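Subject: Structure for your review

Dear colleague,

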Amino acid sequence: QQAASLWRRLGHQNREAWALDGTGAVYQELGRFDDAISFHHRAAAIHHELGDRWYQSIALDHFAAALHQANKDTEAREAWQLAASLLDGFDDPKATALRESIQVALANT
């Protein structure tokens with residue numbers, strides 16, 4: 001959280017978003033899903049504002065996973081569907097793997 005605050009003060013929004021997403025991942029590991037949801041959502045929103053579809057899709061995937069863990073499957077499906085749509089046009093191996101992971105998550109939700 002402190003890193004996100006520092007990056008915000010320095011005006012580095014992309015790094016702020018990465019720090020927020022990382023903080024969300026820690027909260028997920030701790031089982032604090034509502035906190036994780038909030039941090040991942042903020043990260044995705046910043047990436048959206050920056051027009052960074054790749055990192056927005058990653059943050060949305062994390063957001064959806066936290067929603068799923070909090071038993072909010074309808075919202076999780078919506079976030080995963082948006083993340084998948086943002087990956088259109090990306091054909092590199094990482095994008096392909098993320099797309100496949102999202103499809104598995106959608107099939108199991």
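Predicted model: local features only at pLDDT ≥ 70, side-chain atom pairs only at ≥ 80, totals over all residues.

Residues are numbered from 1 along each chain as its sequence is written, and side-chain values use heavy atoms, with hydrogens and water left out.

Helix α4

Helices are DSSP runs of H or I with at least four residues, numbered from the N terminus. At the start of α4, a side-chain oxygen of D52 comes to within 3.3 Å of the backbone nitrogen of W54. After the helix comes N71, with a positive phi near 60°.

Buried residues (under 20% relative accessible area, 1.4 Å probe, protein chains only; exposed is over 50%, partly exposed in between) of α4 include W54, I58, L60, F63 and L67. The buried residues of this helix pack against α2 (13-29), α3, α5 and α6 (93-107). Contact here means heavy atoms within 4.5 Å. Leaving aside residues up to four places away in sequence, L67 touches I37, K72, E75, A76 and A79.

Nonpolar core

A nonpolar core is a set of buried Ala, Val, Leu, Ile, Met, Phe, Trp, Tyr and Cys residues joined through side-chain atoms within 4.5 Å. The largest one has 29 residues, and W54, L60, F63, L67, W80, L98 and I102 have the most contacts inside it. Two or more residues each come from α2, α3, α4, α5 and α6. Helix α4 gives the largest share, 8 residues.

Salt bridges

With a salt bridge taken as a side-chain nitrogen of Lys or Arg within 4 Å of a carboxyl oxygen of Asp or Glu, the count is 2. One joins D35 and R32, at 2.7 Å from N to O; D35 is partly exposed at 27%, and R32 is partly exposed at 40%.

The other pairs K72 with D34, whose closest N and O atoms are 3.6 Å apart. K72 lies in the loop between α4 (53-69) and α5 (73-86) and D34 in helix α3 (residues 33-50), so this pair ties together parts 38 residues apart in sequence. K72 is partly exposed at 31%, whereas D34 is exposed at 54%.

How values were computed:
Polar contact = N/O pair within 3.5 Å; in protein donor to acceptor, adjacent residues only side chain to side chain.
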